[in-house]
Amino acid sequence: MRKLTITLFIVALALAALSLPSSSRVTAQDDDQPTDFHLRGTAPQIIGQYPDSFNYDGSQVRPQEWGFFEIHFDAEADLGLAIARFSVDEHALDAETTIEDAVVTVIYLLHGMADANTMPAYWEGGIADYLDLHGDSGAEAPVLPTIFNNFGTWGPTLVFVNDEQYSGDEMFMGQENTFGLLMGHTMWSEMVRNPETGEVFAADGETYFDPAKPGDGSVFSEEISLLHVVAHTETRDTENFPPFSMFLHVNFYEFEEIEPLDIEYLSWEDMADITPEAWEELVAGWLELADQIEAEVLADDGEEAEDES
Ligand SMILES: [Cu+2]
């Protein structure tokens, strides 16, 4: 398996080196492209559940009643805050936990790693912008076809099911996991799935994508129109795909640009000597912000429903 992974990686690198930029894609940073992102996604669909959170045939892609993914990212400074919250009808989170009629909240509080030297170069410090990921891009696991993204992020997250934290592993990024952090990843991507059926196709557009063939994929549309929420543990579970004990994967299909937040973003320096009291206050603040956004989103939904009737 290890040998296969290394071979795939070398093949991916070779392909990445050979590939020429296609006309409709931006492969290098233009000076006039924004590096500041303020977005609110809605229309959530949960992608699969334990033991398959990519579900290429779409059979376990389930739209949820309501939800939002609000993003405030500064890709230059690698600072920002993003909060997702969505209703869940029924969902197998891990081998032992199925949640029902719940509300899940995911908070992306920091980006990258405490020691900047230990992260992959393609993370660009934690918030990368205008880049290909997955497939044969040579960046990220080939769990999806190669897709172009306006941004991709990596870093710690907090997950709550209703008011209760779903704590991660005992260790996180090589340190004692005092705050119950999980590993987070987000992307703002091309429409890699058929938004109606949830399917992800190989290059022929007919057979389903197979991660064993990372270069053989296609996208439903090249429009940047899909926001991804990912949070997972570091503990391995080879019964699960991807092989972590918990892997949460949610897509948001509608989005609008919004105003920046008037807050100071958390930095790794702040985090290094944070007190338990300060941490509690921060978490309470993020959850309060989530409540405010939820109220706005539900009020908007109510207005739309009224317009339709
Ligand atoms: Cu990704």
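Mentor: Helices (H or I, at least four residues) and strands (E, at least two) are DSSP runs, numbered from the N terminus. By that count, the protein chain has three helices and 13 strands. What you're looking at is a predicted model, where local features need pLDDT of at least 70, side-chain atom pairs count only at pLDDT 80 or more, and totals for chains, interfaces and linings use all residues. Residues are numbered from 1 along each chain as its sequence is written.

Trainee: What average pLDDT does the protein chain have?

Mentor: pLDDT is the predictor's confidence in each residue, from 0 to 100. The protein chain averages 91, and 90% of the residues score at least 70. Watch residues 1-26, though: pLDDT stays under 50 there, and the model has 14 contacts beyond four places in sequence for that stretch. A contact here is two C-beta atoms, placed from the backbone, within 7 Å.

Trainee: Of the contacts with a separation of 6 or more, what share joins residues 24 or more positions apart?

Mentor: In the protein chain, that share is 65%.

Trainee: Which strands pair, and in what sense?

Mentor: Pairing takes at least two DSSP bridges between two strands. Strand 1 (36-47) runs antiparallel to strand 13 (247-257), with seven bridges joining them; Arginine 40 stands opposite glutamate 256 of strand 13. Strand 13 also pairs with strand 12 (221-232), again antiparallel, through six bridges. There, histidine 249 in strand 13 is the bridge partner of valine 230. Then look at strand 6 (residues 127-133), which pairs with strand 7 in the antiparallel sense over six bridges. Leucine 131 has asparagine 149 in strand 7 as its bridge partner.

Trainee: Is strand 6 mostly covered or mostly open?

Mentor: Call a residue buried if 20 or more other C-beta atoms lie within 10 Å of its own, exposed if 12 or fewer, and partly exposed in between. Strand 6 is mostly covered, with seven of its seven residues buried. For the protein chain, buried residues make up 39% of the 309 residues.

Trainee: Which residues touch the most other members of the largest nonpolar core?

Mentor: In soluble globular proteins, nonpolar side chains tend to be buried together. A nonpolar core is a set of buried Ala, Val, Leu, Ile, Met, Phe, Trp, Tyr and Cys residues joined through C-beta atoms within 7 Å. The largest one here has 64 residues, and Phe69, Ala82, Ala84, Phe151, Val159 and Leu248 touch the most other members. Strand 7 (residues 147-161) gives the most to this core, seven residues. Leaving out residues up to four places away in sequence, Val159 touches Val104, Val106, Tyr166, Leu182, Ala231 and Leu248.

Trainee: Where are the cis peptide bonds?

Mentor: One runs from tyrosine 50 to proline 51, with omega near 10°, and proline 51 lies in the loop between strand 1 and strand 2 (61-63). Another joins phenylalanine 241 and proline 242, with omega about -10°; proline 242 is in the loop between strand 12 and strand 13.

Trainee: Which residues other than glycine have a positive phi?

Mentor: Asparagine 55, for one, has phi near 40°. Asparagine 55 sits in the loop between strand 1 and strand 2, and is buried, with 21 other C-beta atoms within 10 Å. Tyrosine 130, in strand 6, has phi near 55°. Tyrosine 130 also counts as buried, with 21 C-beta neighbours inside 10 Å.
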